[in-house]
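Reader: I am new to this structure. Please show me how to read a few of its features.

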Amino acid sequence: MASVANPAAWRSVREAALPQVPAESEGIMLSVLGTRAFLLYRVDETEHRRRQTVGAERLDSIPVLECLLGLPVGLPVPVGSLPERTEVRDLPRGAVEWDTDLVTRRAVRPLAVDLVVVRAAEPRTGLERAGRFAPFCRRAVLLDEVPHVRLDEILAEAAFYGIGVLVNEPDRIRIALEPEAYRPQRHTSAAWHFVEELYGRLV
């Protein structure tokens with residue numbers, strides 16, 4: 001597993017975020033979706049070990065993930081009943097198991113992203129950058145300075161988009177607005193691909 005030691009500047013962010021995420025979440029700074037962000041995440045150790053054991057290949061293709069999403073996890077499916085038989089037979093090693101004419105999906109998401117925090121000096125810039133993560137996880141922006149007269153306006157705009165607001169005060173990081181829970185309407189190949197890209201960089 002890659003080293004995920006938190007930069008000193010983000011330790012207080014990690015502590016402030018604890019009420020928002022599981023205690024076992026790990027943190028790392030990465031450049032993601034065109035911006036530097038602090039991610040709190042949990043590796044699915046069962047899936048991680050399974051992939052290591054079977055020598056699984058990377059799942060870095062949207063069409064591959066779309067194909068996998070069409071299969072139930074852990075339930076054998078007759079290949080003849082599938083509309084895209086060729087695609088299933090070309091899936092990367094370790095994604096599925098074969099038994100004659102039956103295929104069983106084994107691959108699941110290898111990690112969960114609990115929260116992404118984007119730091120910004122200007123509120124509108126921070127909200128725009130944090131908004132890039134809307135399809136994938138819970139989001140917050142860390143503001144270095146917030147004019148008191150604008151705070152209500154900033155919080156109202158952030159609340160509209162479901163983005164939490166953390167304020168960098170001299171002695172602590174204060175949560176001015178809790179981030180909205182991440183509740184995707186459906187599982188998508190793009191969201192799974194986002195997780196796979198992170199997984200490939202962390203392990």
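Reader: Is α7 mostly covered or mostly exposed?

Author: First, the ground rules. This is a predicted model, where local features need pLDDT of at least 70, side-chain atom pairs count only at pLDDT 80 or more, and totals for chains, interfaces and linings use all residues. Residues are numbered from 1 along each chain as its sequence is written, and side-chain values use heavy atoms, without hydrogens and water. Helices (H or I, at least four residues) and strands (E, at least two) are DSSP runs, numbered from the N terminus. Buried means under 20% relative accessible area, exposed over 50%, and partly exposed in between (1.4 Å probe, protein chains only). Now the case: α7 is mostly covered, with 10 of its 14 residues buried. Among them are Trp192, His193, Phe194 and Tyr199.

Reader: Which elements do the buried residues of α7 pack against?

Author: Contact means heavy atoms within 4.5 Å. The partners are strands β1 (26–32), β2 (35–43), β5 (102–105) and β6 (111–120), plus helices α2 (45–54) and α3 (62–69).

Reader: How many disulfides does the structure hold?

Author: A disulfide is a covalent bond between the sulfur atoms of two cysteines. The test is a pair of cysteine sulfur atoms within 2.5 Å. The structure holds zero.

Reader: Are Cys67 and Cys137 buried or exposed?

Author: Cys67 is buried, with a relative accessible area of 12%. Cys137 is buried too, at 1%.
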